[in-house]
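Reader: I would like to learn to read a model feature by feature. Please start with a turn.

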Amino acid sequence: MLKSVVRAVGAAVRVSSSTSPAARALPLSCPALCPPSSATTRPFTRSLWMLSSKGASSSYRPKLFGSQALNPLVSCGCGGLHTEGDKAFSAFLSDEIKEEAKIQKSKTLPKMSGGWELEMNGTEAKLSRNVAGEKITVTFNVNNSIPPNFDEEADQAQQKSAAGAEEEEADIVSTPNFVVEVTKQAAKHSLVFDCHFPEDEISHGEGEEESDIFAIREVSFQPEGDTDWKETSYTLNTDSLDWALYDHLMDFLADRGIDNTFADELMELSTAAEHQEYIKFLEDLQGFVKCN
């Protein structure tokens, strides 16, 4: 009997560890690390709440196999499950929403300079402008746009607290991948640039006064208006590209308003949009837990 249980558990582990390749689509939304910039930032609060001693719900710590699951249920007319743990969860979310609202700089999204028109569809943003018969479109998604440095920041804050030093909150900056699509009136295909914010500033030559804060990852011709990146179209990867050709591609984008100033403002816009979505998610989560 014991051997059968062991074999069953082993089979479940093997099945759960398998993965499937993810489909690639426009726009891409994988996170990338970016050095500090002049983009609008907000205090880093999401991973530090467990270190704080403030708030009515700070004493609550969830346990996998604690006695919370055995507490009597709280009656509710909605017919849903409610526990004392749900009440503590809701109280914590209430405090978290208030803290995030305090640090929110504005309830409206910042505007991009250069005549860009903004369209928001949930977490996806689309910027567009027309220049001398060309249509330039930039799309990005705020999902997964926060660099994954929560654990590192939390460890640093915990060390400062243990040493008796004053905690300095870090800043959250959204650095999404973004896709630039340039369309000409007489062309059947659009020239598409897959761009991202690299971990380090990129410099392609000596003597440059300013490094690029964003980089081109791939370039390809794609059918106009098609949201799916067709793998059958040739894609130029810039990892092994001649620097002269790469610089011409960057100049091509800069002539159409995609430069460091644009990238800086895009981070500011994405950071504000991501923060709005985060607060909205907390509010929806609290409403779901409370069954409002």
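Predicted model: local features only at pLDDT ≥ 70, side-chain atom pairs only at ≥ 80, totals over all residues.

Reader: In the hairpin of β2 and β3, which residue takes a positive phi?

Author: Gly122 does, with phi near 70 degrees. Two residues lie between the strands of this hairpin. Residues are numbered from 1 along each chain as its sequence is written, and side-chain values use heavy atoms, with hydrogens and water left out.

Reader: How many bridges join β2 to β3?

Author: Start with the rule: two strands pair if DSSP finds at least two bridges between them. Strands β2 (residues 117-121) and β3 (residues 124-131) run antiparallel and are joined by five. Met120 stands opposite Ala125. Glu119 has Lys126 as its bridge partner. Keep one general point in mind: in a regular strand, side chains alternate between the two faces of the sheet.

Reader: In what sense do β3 and β4 pair?

Author: Antiparallel, over eight bridges. Ser128 is partnered by Thr137 in β4. These strands also form a hairpin with two residues between them. Ala132, in that turn, has a positive phi of about 50 degrees.

Reader: Is Ala132 buried or exposed?

Author: Apply the cut-offs: buried is under 20% relative accessible area, exposed is over 50%, and partly exposed is in between (1.4 Å probe, protein chains only). Ala132 has a relative accessible area of 81%, so it is exposed. Compare Asn144, another non-glycine residue with a positive phi, about 55 degrees. Asn144 sits in the loop between β4 and α3 (150-162). Its relative accessibility is 54%, so Asn144 counts as exposed.

Reader: Where is Ser174, and what does its side chain join?

Author: Ser174 lies in the loop between β5 (171-172) and β6. Its relative accessibility is 0%, so Ser174 counts as buried. A polar contact is a pair of N or O atoms within 3.5 Å; within protein, one must be able to donate a hydrogen and the other to accept it, and residues adjacent in sequence count only if both atoms are side-chain atoms. The side chains of Ser174 and Ser145 make one at 2.6 Å. Now widen the view to contact, meaning heavy atoms within 4.5 Å. Beyond its neighbours within four places in sequence, Ser174 touches residues including Met267, Ser270, Thr271 and Glu274.

Reader: How is a pair of aromatic rings described?

Author: By the distance of the centres and the angle of the planes. Rings of Phe, Tyr and Trp (its six-membered ring) pair if their centres lie within 6.5 Å; planes under 30 degrees apart are stacked, over 60 edge-to-face, the rest tilted. The structure holds six aromatic pairs. One of them, Phe178 with Phe214, is tilted: 5.7 Å centre to centre, with 55 degrees between the planes. Phe178 belongs to strand β6 (residues 178-184) and Phe214 to the loop between β7 (189-196) and β8 (215-223), so the pair ties together parts 36 residues apart in sequence. Both Phe178 and Phe214 are buried.

Reader: Why is the pair of Phe193 and Phe252 called stacked?

Author: The ring centres of Phe193 and Phe252 are 5.9 Å apart and their planes meet at 25 degrees, so this pair is stacked. It links strand β7 to helix α4 (residues 243-254), across 59 residues. Phe193 has 0% relative accessibility, so it counts as buried. Phe252 has 22%, so it counts as partly exposed.

Reader: Which charged residue lies over the face of Phe252?

Author: The test is NZ of Lys or CZ of Arg within 6 Å of the ring centre and within 35 degrees of the ring normal. Arg256 lies over Phe252, at 3.7 Å from the ring centre. The charged end of Arg129 likewise sits over Trp116, at 5.2 Å. Trp116 also belongs to a cluster linked by ring pairs, with Phe178, Phe197, Phe214 and Phe262.

Reader: Last, helix α5. What caps its N-terminal end?

Author: Asp259, with a side-chain oxygen 3.3 Å from the backbone nitrogen of Thr261. For length, the expected span is 1.5 Å times one less than the number of residues. Helix α5 (residues 260-290) has 31 residues, so it should span 45 Å, and its end C-alpha atoms are 45 Å apart, which agrees. Just after α5, Cys291 takes a positive phi of about 65 degrees.

Note on methods. Helix = DSSP H or I, 4+ residues; strand = E, 2+ residues; numbered from the N terminus.
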